[in-house]
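Here are my notes on the two-chain model you asked about. Have it open while you read.

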Amino acid sequence: MPPISSKTDRPKDKKGAMVRLTSYIIKYRVYLFAAVILGTAGNVAALVGPMIAGKAIDVISAGKGNVNFNKVMFYVVCLFIFYIISSVMTYILSTIMIKLGRKVANDMRKEVFAKLLKLPVSYFDNNQTGDIISRVSYDIDVINTSVSADVTQLITSIITIVGSFIMMFVISRKLIVVQLITLPASILYTRYMTKRTRPLFSARSKKYGQMNGFTEEMFTGQKTIAAYAKEDVMIKRFEKYNEAAADGYYNADYYGTIIGPSIGFINNFSLALIGVFGSLLYIACKGSLGQISSFILYSRKFSGPVNEVANMYNEILSALAAAERVFRLLDEEEETPDGREAKVLKEVKGEVLFENVTFGYEENETVINDFSLTVKPGKVVAIVGATGAGKTTLINLLMRFYDVDGGSIKIDGTDIREYTRDSLRNAFTMVLQDTWVFGGTIRENLVYGNENVTDDMLKEAVKACNLEYYINNMPEGYDTLIREGGNNISKGQKQLLTIARAMLINKHMLILDEATSNVDTRTEKEIENAMLKLMENKTCFVIAHRLSTIENADVILVLKDGVISEQGTHRELLEKGGMYYNMYISQYR
Amino acid sequence: MKLMLRFMKPYTARIIITVILKFLAVISELFIPYTLEYVIDDIAPTKNMKLVALYGIVMVVFAVLGLFFNVMGNRMATYTSKNAIRNVRSELFEKTMFLGGEEFDRASLPSVISRMTSDSYNVQSFLGIVQRMGVRAPIMLLGGIIIAGRMDISLTLVLLCMIPVLAFIIIFISKKGIPMFRKVQGMLDGIVCIMRENISGVRVIRALSKHYYEKDRFEKQSDALAESDIKAGMVMALPNPVMTLFLNTGLTLIILIGAYRVNSGVMKTGVILAFLTYFNMIMQAVMGINRIFILYSKAGASADRIDDLLSIKNSVEDLPEDANDGTDSSKNDGSDYAIIFDKVSIDKMGLKDISFKVKKGQSLGIIGSTGCGKTTILNLLLRFYDPDSGTISIDGKPVKYYSRKALRQKFGVVFQNDIIFNDTIYENIDFGRNLDKKDIEKGAQNAEIADYIEGLPDKYQHILAIKGMNLSGGQRQRMLVARALAGGSEIIILDDSSSALDYRTDARLRENLKKNYPHVTNVMIAQRVSSVRDMNSIIVMDKGRIIGYGDHESLMENCETYRETYNMQMGEEMCNAANQ
């Protein structure tokens, strides 16, 4: 396997991420539509409010003793009602946008997870868990915040900008020339800065991912590090990642924070220009003061939201960089999809055929060389060999966690690549050396492969696997919570639990990869009958070092460097006096 | 909040400069419209072109100053929040590294991870924004009130009356928000947990075709997260419209009061008009402050979670330097015994009354059925936990009188679920100890992995995949044993570290240990009698107690369980002999 995929992290074109992000938002176009309407209404309201107030003031302007209080009261009440409506609208608008942001984030999270379920196993062998997780826990969170806050702002801002622009256009076509200079200047400037800062934001996201990857690995190995008292060394190493992430943040923001004030500057500059030119126009008798005043009023209204948008620019860039990382994961190559003519493997007989199989995790390093083997239904195949001889690799190929490089594997006469993956994997029960339990109750972990298990079946399996004492001694019995790395379950118990789990699943083929390596011999002996029953009538592949478990196999393969060096029954191999014989003798030395 | 203040404190000087810069920026920016009004109202009517141009230049100068101060201020702010959050992460990482076994289990890995990623990010964005935006709003508020106050005191009083109510609303709701956002972050822990499980269990999940189940499980958690996030958001969206309404009510009140006052001739209409303008400015300022508080409740929740982790007290702590180590210093290190367990019990791990001694340079085997507490002995030795009663001594000195570093430096350990890091083989064996290359090669040789390494094109510089996925189970274990051996530790403990090894490699490994590390005390936790039968003494454990203690011969005589286990394996050997 190659070390961490060193994908070229050239920032993808901004449009890609932007357009794709937008497509998530468009899915909730009803929300968006409602937001636009409410936003427009809010803007109109912002104009109407002062108007009513103005009317009231007009009435008051009648001066001392002449104020018509009925009229004032009328306007005041109008104003009050109007403000209530406006507040309610504001609230609805912001809740809509909050929902939009959360829903988009939720969709993305689910999509990322669904993607994870479709990625080839090699992806997880090659990518840091922490980095994968940080796409959900960090990147999507950034997008969430940005969509909720920034999109609202964007919508209302655009409406205001367009509105004020129209008003300015109506008031003075000459003065708008100033805006025609500064507006394109703003746009060009932003585009230029975007080009420069985007890579910085992408780098920042990447650095965070690397830091999170390192952190996850270190936290997972926390106990080992503590046992060697090497915390200080790891802390020093972390500092490098931490510093790089902090610098990434700083570099991005260092340039990013120029954008807001710069747009602000361009706006202020245009305000100054308008002031000067307006006055000059007035002096040259080309406009009235009132006209200029209201033009300025609107251009200030205009510059407000432009400033707001410019100030959000950082967040938008962060969100886009985050989205890029999420999309990159979503674009990873999936397990080759089942062909359109893929068959469903059912009514399994269990005949397995390896034909000249060749495979290597890395291109020029084959692990399995020209491997051929025929297994009749219901037979037990044991695979032995020194560590690293490729035993587990055979299982990886059989289950299609990896696909062969050359040759083929056939089940019941058909190449396994012609079956749907699900049905192929469904034909096996598997107990692996790397036991896996998930955070849940003991019961949930037991019935993981088959939920339609009766209590009696459950108890029987638990008893057969010698887990009764352990479970009965847990504070809440079957409902006790266990989790990976928790201290209420040992590795041996985990293995027993996985065996019990396998017993509750009835399939035609069975894989036992060092299934009892962490179980003590006494217990192993005690569950022997259960194991034999589990293997009954199934095509079995058994990998074990403890040769006692495989003596009864129909055929034993001795693997060496990815090829079969010996093959036969226990008795035949012992008589041969070769590698198997030596291995067998050495175990009781 | 306390947390954020603590981490901002070292940068007080910078923050003050930031505030000053931002203050100057706000002032410069405010001057522009002010000047503009002046030009339109007072200069333009005089038709003095030169003055108009002059004031135009003044405005541009202010614009430039605004730009300058803003950029400087923002950069300062970014610098501060960068450093503050880096320090937060450093402290988090360090704390987690030094967390005791029990505390680490309780904090739970997914939750620790999400504190490092999501929570620290929330705090970071808040720190950035509060510095960047936090100055403008209060200045506008203060400025607005002062100007209003100079125009008309009684109307300003209406305004002033509202301030405490507004403050109450803001503080009340943002306080309410903190627990809600805490819940959201807690949900995120669940997301992280499910993702980790799916990544580590990818083979099992695929093999059992459980993707629909897992997808469902994840989607439920994700929906729950979204829902509680929406709920929190809905509450946090309240203050804005409520306060706007409140302020606007004030505005209508001012019109009403104004009407009476104008009617009675104490006030001019123009004042109301001006007042309304400033009222708008104040309203914007209040909204700005509100926005900061909303962000605060999210960041506050995250800061609290970080603080919770940082303030965990380890139940196992080093004693102060000057603590009496409980032994006569002259006798120190003079003990013949490398390890002494004296009536050790720990209730929650089910270990009862464990006593045994191991002389220096001798070996101890621990054997017993699955889950009988073998690993607990190792955890106690390394002081991941402290026993409820009894004493554990290393070299005659109770473990609690060692500093954790001094204690652990004595050991070379391989755990059951030990970890290979995504780094070179060299680094994985060296493990940050800066060992000699010779020691590393010696360790690898004795761990029976040197041949494999030498056969690789880039030898010790070969990079191991994540969790050692490009190694077989046995290669992984031997790599770990090499790590334990290379350091030249006084005591080597191997917890079931040969389970994936074939018998021959296992036997060779034991032989190497005996031959090449004669002065090293060796503790071997195993399930095979063959792995422990040559040890100087052997402990047989069952359900947390010692049920047999002695060497192979005496155990064969006195311990039934041991005999049974042995016979089970030897029975096979008899078969083997018969076959020959």
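The points below go from each chain to the place where the chains touch.

1. Ground rules. This is a predicted model, in which local features need pLDDT of at least 70 and side-chain atom pairs count only at pLDDT 80 or more, while totals for chains, interfaces and linings use all residues. Residues are numbered from 1 along each chain as its sequence is written, and chains are lettered from A and ligands numbered from 1 in the order in which they are written.

2. Chain A. You'll find 19 helices and 12 strands here (DSSP runs numbered from the N terminus: H or I of at least four residues for helices, E of at least two for strands). Its C-alpha atoms take up a box of roughly 120 × 55 × 55 Å along the principal axes.

3. Chain B. This one has 21 helices and 10 strands, in a box of roughly 120 × 60 × 45 Å.

4. Domains. An automatic or database assignment sets the bounds. In chain A, domain 1 is 100-330 and domain 2 is 434-506, with centres 49 Å apart over C-alpha atoms. In chain B, domain 1 is 1-98 and domain 2 is 337-579, and their centres are 62 Å apart.

5. The interface. Contacts (C-beta atoms, placed from the backbone, within 7 Å) link 147 residues of chain B with 150 residues of chain A. On the chain B side, helix α3 (residues 49-97) gives the largest share, 23 residues. That side splits into 67 nonpolar, 50 polar and 30 charged (nonpolar: Ala, Val, Leu, Ile, Met, Phe, Trp, Tyr, Cys and Pro; charged: Asp, Glu, Lys and Arg; polar: the others, Gly among them).

6. Helix α3 (residues 69-118) of chain A packs on helix α9 (residues 211-236) of chain B at about 160°, axes 9 Å apart (axes are lines fitted to C-alpha atoms over the stretch in contact, with angles from 0 to 180 degrees between N-to-C directions). So α3(A) is roughly antiparallel to α9(B), a word used for angles over 145 degrees.

7. Who meets whom. Residues of α3(A) in this contact include A:R102, A:R109 and A:F113, and those of α9(B) include B:E214, B:F218 and B:D223. By class, the contact has nine nonpolar, five polar and 10 charged residues.

Technical notes. Two residues are in contact if their C-beta atoms, placed from the backbone, lie within 7 Å. Angles under 35 degrees count as roughly parallel, over 145 as roughly antiparallel, 65 to 115 as roughly perpendicular and the rest as oblique.
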